[in-house]
Amino acid sequence: MEPFTCFMDVENSRSYIDELYSEENCKCQEAIVCLKNAVIGSNKKKGSIISQGIVPRLIALLCNAGKPLQLRIDAGIVLGSLAKGTETQVHSLMRFNIVEVLITIIFDPNTNERLMETCLGALQTIVQYPFAPLDLIHSDINNIKRLIQIASPRASFACQMYVINIFVPLCHSSHQQKNLCLAEVIPFLARFMICDNTTLQVPALKCLAAMCFTNKSVSNIVHATYHGDRSILDILTALLSRTRDVQVQLSASRCLTYLHRAGSLPAEDYRIVYKTLPCLARLCSDEFEEDTRATAAETLAYLAEIDSELQRLAAISNHLIASLANLVKCPSVLSRQGAFRCFASLAANDEEIRKRIIEMDGLMEEVLSGLKDGCPEDHSVWRPLMDLLSGDPSLELQTVVTSTICNLLLEFSPAKEPMLESGAVEMLCELTKHPDPALRLNGSWALMNMAFQAEQHVKTKIINTLGTDRIFQLLGDRDERVIMKTLGLLRNLLSNTLHIETIMSEHSSEVLRAVSLVLDDPHPPEVKEQAIIIIGNITAGARDEDYVLQDEKIVKKIRDFLVANDNKLQMGAVFVVRNLLDKTGRQQILRQWGFLENLEQLLHMTPQHSQFYEEYV
């Protein structure tokens with residue numbers, strides 16, 4: 001342990017620490033001033049003080065109403081400084097119940113305003129940590145109401161600033177959001193939103209956004225709330241003006257985005273179409289700071305994620321795609337996360353948008369090369385993004401980027417050919433081997449999309465690169481979503497008569513074994529239904545061989561599914577039988593296997609007024 005030192009002229013720091021325990025207030029005050037100056041800006045000194053067991057003495061001085069006010073304030077300042085240290089140091093403070101101590105002093109009506117400011121400042125620092133015991137505040141709604149009273153218009157600027165920042169992390173769960181709403185925090189926030197001080201406006205807007213996030217009941221209340229003669233919606237819309245501070249514009253746009261996604265503002269509302277969306281698109285441009293652009297891109301991705309018209313409008317707004325392409329090249333991992341998530345959102349439904357993204361000069365090559373140069377063994381780092389240029393991707397950014405690729409490969413995407421040439425199939429096949437289930441899912445999902453209505457050479461490359469052994473492994477994956485996407489891949493590979501015959505002539509035994517594996521395992525009906533559809537495709541498309549009828553195990557499964565206690569399995573089995581009967585000479589074979597009896601039983605089981613009755617007949 002390194003000795004604690006204060007100033008260069010102090011020969012023995014231990015004497016000053018000893019004097020911290022002196023009952024003579026003058027000596028104690030001198031020691032705490034020395035301590036206060038030592039810890040500011042030095043995590044090393046903070047760690048030394050904590051390790052020497054001084055925290056309990058500081059808390060005792062802070063809580064002792066009999067001590068001089070300045071001594072108590074300085075003790076609070078030192079504790080607040082310690083709270084700005086490392087996470088480990090803050091965890092150490094938690095062991096001394098520091099939050100309870102601060103709350104007790106803050107909620108004491110007799111507390112001096114200067115001491116109140118000191119304790120509020122320390123509390124504001126601590127509650128930003130995810131492990132802070134926020135339930136101590138939420139345990140009683142009166143605690144929240146008391147904080148609102150403390151930050152009244154008559155209070156000091158510091159008190160108001162600290163309280164508004166304390167509220168920001170207090171509203172992440174639905175219970176917390178409801179609690180703040182019941183304590184009438186929304187009208188309280190509105191007061192700060194209309195002030196002209198950015199220091200107060202921004203945290204108020206951040207708190208309002210957090211309260212509305214995925215909470216329809218709170219969002220509806222915000223939608224209906226007025227401050228004076230202005231609705232909060234009108235206040236938020238006015239804050240999107242270019243004349244406002246950039247952080248105010250960004251925070252207000254997040255509020256309106258969350259109100260929309262919670263269901264309180266429709267996608268066609270003018271505040272969304274003509275105000276929020278253009279504001280976010282503009283904030284993605286190169287003229288703004290990188291962190292602003294990253295947050296704007298993330299927010300825009302969320303705004304347009306489920307609405308195709310918003311996606312279309314965003315794509316033509318303010319050179320957005322070009323701005324996102326530039327954002328991808330920024331050094332910050334958060335910037336790349338925002339850009340890729342926005343690309344994924346924009347490309348979700350519109351083929352023309354996908355084409356524009358693909359045609360951005362060098363964009364997809366950078367994405368693919370960054371993924372291929374990745375380090376899949378790096379499980380210790382779960383950062384939001386990877387640094388594509390350094391070729392050291394984290395798992396989460398690989399997930400974000402591969403999600404973008406999944407969307408780019410939908411339907412008749414122009415992305416298929418250039419990505420095929422860039423080695424995308426090899427990269428996606430490697431992803432299916434990844435230990436992380438989200439990446440295995442995205443790998444199989446993207447391959448499924450690539451195989452959809454693809455040319456024969458694309459399908460051949462996929463099946464040869466992936467290999468039948470890997471298909472078996474994916475169909476036995478512990479993640480059911482991976483199994484479903486792998487079955488979707490097989491279904492898309494076997495979806496054209498010529499392609500079916502070509503693939504089955506080479507891989508019939510492996511394909512039927514894979515399908516049989518799924519039918520044998522205890523999967524839910526919707527999974528087995530996908531396997532049955534593949535069998536139906538084979539029976540419809542195979543011209544030269546009766547591949548399915550040659551597999552006794554599968555034939556018996558289809559026969560039994562006709563009378564299974566599940567409509568999905570019954571309908572799937574009927575689909576297979578109907579395709580088999582389309583070719584002559586098979587009726588007798590099916591009779592021999594007992595299909596006629598099961599079909600008659602299925603007919604008796606089905607009510608005549610059912611939509612399926614006529615089809616079964």
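**Contacts, burial and salt bridges**

Mentor: Of the contacts in the chain with a separation of 6 or more, 68% are between residues 24 or more positions apart, where a contact means heavy atoms within 4.5 Å. Keep in mind that this is a predicted model, in which local features need pLDDT of at least 70 and side-chain atom pairs count only at pLDDT 80 or more, while totals for chains, interfaces and linings use all residues. Residues are numbered from 1 along each chain as its sequence is written, and side-chain values use heavy atoms, with hydrogens and water left out.

Trainee: What makes up the secondary structure of the chain?

Mentor: The chain has 38 helices and 2 strands, the helices being DSSP runs of H or I with at least four residues and the strands runs of E with at least two, numbered from the N terminus.

Trainee: Why is E23 called exposed, and why is K67 called buried?

Mentor: Exposed means over 50% relative accessible area, buried means under 20%, and partly exposed lies in between, with a 1.4 Å probe and protein chains only. E23 has 62% relative accessibility and therefore counts as exposed, whereas K67, at 12%, counts as buried. Across the chain, buried residues make up 55% of the 617 residues.

Trainee: How do you know that E23 forms a salt bridge with K67?

Mentor: A salt bridge requires a side-chain nitrogen of Lys or Arg within 4 Å of a carboxyl oxygen of Asp or Glu. The closest N and O atoms of E23 and K67 are 3.8 Å apart, and the pair forms a salt bridge. E23 lies in the loop between α1 (13-19) and α2 (25-39) and K67 in the loop between α4 (55-63) and α5 (69-82), so the pair ties together parts that are 44 residues apart in sequence. By this rule the count comes to 17 salt bridges.

Trainee: What makes D520 and K553 a link between distant parts of the chain?

Mentor: D520 and K553 form a salt bridge, with their closest N and O atoms 2.6 Å apart. D520 belongs to helix α32 (residues 497-520) and K553 to helix α34 (residues 552-561), and the two are 33 residues apart. D520, at 34%, is partly exposed, and K553, at 46%, is also partly exposed.

Trainee: Is R293, which meets D286 in a salt bridge, buried or exposed?

Mentor: R293 is buried, since its relative accessible area is 8%, while D286, at 44%, is partly exposed. Their salt bridge spans 3.0 Å from N to O.
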